[in-house]
Amino acid sequence: MALYRDEGVVLRTYKLGEADRIVVLYSRGRGKIRAVAKGVRRTRSKFGSRLEPGSIVQLQLYEGKNLDIVTQAERVVSLEAMRSDLDRYGRAAIILEVLDASAVEAESNPAMYKLLTGALRELDRDGNRLVVPAFVAKYLILEGVQPRVDACVRCDESTNLTTIQISEGGVLCRSCPGGEPLTDGARRALEQLLQGRVRHVLDTTPEVVAIELETLVAKLVEQHVERKLRSSSVLYEQLQ
Amino acid sequence: MSVYAKPVEVLIDELGRLPGIGPKSAQRIAFHLLKADKIDAQRLSDAVVAMKEKVSFCDRCFNVAEGEECTICSDIQRDQHVLCVVEEPKDIAAIEKTGAFRGIYHVLLGAMNPLEGIGPDQLKIRELALRVAGENITEVILCTNPNLEGETTAAFIASKILAPFELKVTRLASGLPVGGDLEYADELTLGRALEGRNTVS
């Protein structure tokens, strides 16, 4: 039973009782944390807007038996642009949901934390459509399940790669049957994202390819977390 | 083997299902009712039954109503041109208490929350569009909660639903609670309070 400090991103919140919320956080030092923020729903709460999904906060928490209790929260970055822009919020919601679906409590992963905050900051800065694909590519690498896109997963052929078979974890060449169609532009962009050339892809990829990539990475990530992403089906498709 | 007589046990279980009432409170309420006059208990049970039988959602604004229309919709004294959009019927009560609004309402019965899978289709947003198209409304005030879900909902309604109509769309202001200290205000609220400052002289 002690107080501890950590920095974290609010992944989602649930209402609890009259005026409290359970806040699910992804923290730098402790991985996923579930904590109670008392009285956040009151207008005069000391937490105000700080504990809403997507905020990056510096926290002091009190270790409880089951759930921890948030005693203080200070803002690190406010993602203000996200609050008024539906597209950006929709994209952020996907990132948060992916982390919530796969992160394990009390298992810290600083690289993942850095990726998460980096993606959210970039999204808040310019809201590029490719932030989600870039995030997913890096995320799949960190999880150790990156798809193979430089050669056919069945026969190692490295030319005429025209389809992707998500359940087999990579692209297929023209002579191997099955899979969903994949344009060469999208395949190359994904390959570059997996190689870490994020800035290059963000700056040079045309809109059509970005849209294709966006749908593709949603499927890739759904395959990994083994469930359908709610946010991609709700807000995202509404806005396309 | 239950400690109490069966009917008492059943009542404790039922009370225990209510929000905010734990087993101990349920037990206290049950024993209070046991000791109380029969007529008091009867009044309570009648009130519960009557509420469930008579009250439903207003056909027009989805506020809770006795009959087809709620008291606000059937009040012709109210300004029929200004429409206030809220998340829950209890928000209407909060706004009515201010006495500062004399228009009509529309209740969405929730807010968009992509992380929970709640989108515009689960809310009364289509009905709102129909009302705006059919009634003579000149201003829509978006009074959803000032949290992420409420703001997403407001942004969605403003940009995707109300954009084609020629009317004034306003959003509730954000600022400091009266009676609070400045130093405890969070950055976002204080920032918005500064943005929306009023001229004094």
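Helix H1(A) gives the most to the lining of the largest cavity, with three residues, in what is a predicted model, where local features need pLDDT of at least 70, side-chain atom pairs count only at pLDDT 80 or more, and totals for chains, interfaces and linings use all residues. Residues are numbered from 1 along each chain as its sequence is written, chains are lettered from A and ligands numbered from 1 in the order in which they are written, and side-chain values use heavy atoms, with hydrogens and water left out. Helices (H or I, at least four residues) and strands (E, at least two) are DSSP runs numbered from the N terminus.

**Cavities**

- The structure holds two cavities of 30 Å³ or more, a cavity being a set of points, on a 1 Å grid over the protein atoms alone, where a 1.4 Å probe fits but cannot get out, with lining residues having an atom within 4 Å of a point.
- Of the 19 residues that line the largest cavity, Ser49(A), Ser55(A), Ser78(A), Leu79(A) and Arg83(A) lie nearest its centre.
- Two or more lining residues of the largest cavity come from each of strand E4 (56–62), strand E5 (68–77) and helix H1 (80–84) of chain A, and from helix H7 (187–195) of chain B.
- The lining of the largest cavity has eight nonpolar, four polar and seven charged residues, where Ala, Val, Leu, Ile, Met, Phe, Trp, Tyr, Cys and Pro count as nonpolar, Asp, Glu, Lys and Arg as charged, and the others, Gly among them, as polar.
- The second largest cavity, with about 40 Å³ of space, is lined by residues including Arg12(A), Tyr89(A), Asn113(B) and Glu149(B).

**Asp100(A)**

- Asp100(A), in helix H2 (residues 86–102) of chain A, counts as buried because its relative accessibility is 12%, buried meaning under 20% relative accessible area, exposed over 50% and partly exposed in between (1.4 Å probe, protein chains only).
- Leaving aside residues up to four places away in sequence, Asp100(A) touches Leu11(A), Arg12(A), Val24(A) and Lys32(A), contact meaning heavy atoms within 4.5 Å.

**Sheet of chain B**

- Four strands of chain B form an open sheet in the order E4-E3-E5-E6 with parallel pairing, two strands being paired if DSSP finds at least two bridges between them.
- Strand E3 (residues 82–86) of chain B is joined to E4(B) by four bridges, and Val85(B) stands opposite His106(B) in E4(B).

Methods:
On a 1 Å grid over the protein atoms alone, a cavity is a set of points where a 1.4 Å probe fits but cannot get out, and a pocket is an open set with protein on both sides within 12 Å along at least five of seven lines; lining residues have an atom within 4 Å of a point. Grid points are joined across faces, edges and corners, and a volume is the space filled by probe spheres set on the points.
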